Amino acid sequence: MRHRVEGFKIGMLPSHRRSVLANLTNALILHSKVDTTFPRAKAGQQFAERVITLARRGDLHARRIAFSRLRDKEAVDKLFSEIGPAYKDKAGGYTRIVKLGPRRGDGAEEARLMLVR
């Protein structure tokens, strides 16, 4: 049972997990979709939704928090100039996960994480 267990650990140390989720979210912001394994997509969805909610606020403090999480100026600029205003009236559910089936090499369940437009 997973009583009181929060979040997805995806088999990594916390520092590695933060980097992987930041890179996944950067790719999602810059390309509007990213293919990855299903557990990473689930964890990345949670991370991305929180950052997009910051972009909806649009103030300087939210931009600095987003930059501290993403560590990519280009992604933060696109997030606050295009994506945040596009979701201004949406109350949540900015991303979608579509299962793609097993990966050919190792059989891992793949999924596509994409922005909902």
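Author: β1 and strand β3 (residues 109-115) pair in the antiparallel sense over five bridges. Strands are DSSP runs of E with at least two residues, helices are runs of H or I with at least four, and both are numbered from the N terminus; two strands pair if DSSP finds at least two bridges between them. The model is predicted, so local features need pLDDT of at least 70 and side-chain atom pairs pLDDT 80 or more, while totals for chains, interfaces and linings use all residues. Residues are numbered from 1 along each chain as its sequence is written, and side-chain values use heavy atoms, without hydrogens and water.

Reader: What is the bridge partner of Thr 95 in β3?

Author: Strand β2 (residues 95-102) also pairs with β3, in the antiparallel sense, over seven bridges. Within β3, Thr 95 has as its bridge partner Leu 115.

Reader: Is Thr 36 buried or exposed?

Author: Thr 36 belongs to strand β1 (residues 33-37). Buried means under 20% relative accessible area, exposed over 50%, and partly exposed in between, with a 1.4 Å probe and protein chains only. Because its relative accessibility is 10%, Thr 36 counts as buried.

Reader: Which residues does Thr 36 touch?

Author: Contact means heavy atoms within 4.5 Å. Leaving out residues up to four places away in sequence, Thr 36 touches Leu 24, Ala 41, Glu 109, Glu 110 and Ala 111.
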